[in-house]
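Work through the exercises below with the sequence and the coordinates open. Each task is followed by its solution in steps.

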Amino acid sequence: MITLHETALSGNCYKVRLLCAVIGVPLRRVELDIDALKAGKTHTDEFLAMNPEGRVPVAELDDGRFLPESNAILAYLAERTPYLPEDRFDRAQVLRWLFWEQYSHEPYIAVVRAWRTYFGIPAGRESELPIREARGYAALDVLERTLARQQFLVAERYTIADIAIYAYTHVAHEGGFAMERYPAVAAWLARVAAQPGHVPIDA
Ligand SMILES: N[C@@H](CCC(=O)N[C@@H](CS)C(=O)NCC(=O)O)C(=O)O
């Protein structure tokens, strides 16, 4: 059992819920909704004691320890499951995609979606939108090139690399990204959604 401090609409939080559903780890959800986020409820002293960065998701373990950072939570929960390979090279490839997601994908695809769908573009930052869109498309191009040649991102099997990157890719259209340009990505999204234990973001 873990307790997940989260926001339902966040792909970073959904990643953790999806992995828990796939591996059968029971989850207690503590929701900080969009209004709580807008009101800065992740920046209270109580929340900052769980995550000094003041962001969700944060996993609260049974022994009372807290683990922030979505992809670190995935790696923790996937240890000794088929979703984090034992093989040294395959495991490094999973890490490669987790790092890539946080550096080259999430800051563009997730942020454009958040601005367009939930928050609006912050005042004074309008000029960032086309740059973030272009970088989001660059990330989708990387996925399309990769998935045109293989079924899953690492070692031809479903891993936490797929879960991490699925989370915001499958809702990229909400940010206005033209997903019809990416047939191999679309086929991979369908493969991921067909995996045992899959749950949608709004479950
Ligand atoms: N690198 C972090 C990013 C977490 C993140 O950006 N969380 C957002 C929601 S998706 C948040 O808590 N925003 C509220 C804030 O920054 O105050 C992760 O992957 O967990």
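**Exercise 1.** List the buried residues of helix 6, and name elements that cover them.

Solution. The buried residues of helix 6 are L129, R132, G136, Y137, A139, L140, L143, E144, T146 and L147. Buried means under 20% relative accessible area, exposed means over 50%, and partly exposed is in between (1.4 Å probe, protein chains only). Helices (H or I, at least four residues) and strands (E, at least two) are DSSP runs, numbered from the N terminus. The cover of these buried residues includes helix 5, helix 7 and helix 8, where contact means heavy atoms within 4.5 Å.

The model is predicted: local features need pLDDT of at least 70, side-chain atom pairs count only at pLDDT 80 or more, and totals for chains, interfaces and linings use all residues. Residues are numbered from 1 along each chain as its sequence is written, and side-chain values use heavy atoms, with hydrogens and water left out.

**Exercise 2.** Check the span of helix 6 against its number of residues.

Solution. The expected span is 1.5 Å times one less than the number of residues. Helix 6 has 20 residues, so it should span 28 Å. Its end C-alpha atoms are 28 Å apart, which agrees.

**Exercise 3.** Classify the ring pair Y83 and Y158, then the pair Y166 and W188.

Solution. A pair of aromatic rings is described by the distance of the centres and the angle of the planes. Rings of Phe, Tyr and Trp (its six-membered ring) pair if their centres lie within 6.5 Å; planes under 30 degrees apart count as stacked, over 60 as edge-to-face and the rest as tilted. By this rule there are six aromatic pairs. For Y83 and Y158 the centres are 5.9 Å apart and the planes are at 85°, an edge-to-face pair. This pair links distant parts of the chain, 75 residues apart: Y83 is in the loop between helix 4 (70-78) and helix 5 (88-119), and Y158 is in the loop between helix 6 (128-147) and helix 7 (160-169). Both Y83 and Y158 are buried.

For Y166 and W188 the centres are 6.4 Å apart and the planes are at 70°, so this pair is edge-to-face. Y166 in helix 7 and W188 in helix 8 (residues 183-193) are 22 residues apart, and the pair links distant parts of the chain. Y166 has a relative accessible area of 6% and is therefore buried; W188, at 0%, also counts as buried. Y14, Y166 and W188 form one aromatic cluster.

**Exercise 4.** Are R80 and A155 buried, partly exposed or exposed?

Solution. R80, in the loop between helix 4 and helix 5, has phi near 60°, a positive value in a residue other than glycine. Its relative accessible area is 73%, so R80 is exposed. A155, in the loop between helix 6 and helix 7, has a positive phi near 55° and is not glycine. At 41% relative accessibility, A155 counts as partly exposed.

**Exercise 5.** Which polar atoms of T42, R55 and V56 lie by the ligand, and at what distances?

Solution. A polar contact is a pair of N or O atoms within 3.5 Å. A polar side-chain atom of T42 lies 3.4 Å from a ligand oxygen atom, and one of R55 lies 3.1 Å from an oxygen atom of the ligand. For V56, a polar backbone atom is 2.7 Å from a nitrogen atom of the ligand. The peptide bond from V56 to P57 is cis, with omega near 5°.

Technical notes: Polar contact = N/O pair within 3.5 Å; in protein donor to acceptor, adjacent residues only side chain to side chain.
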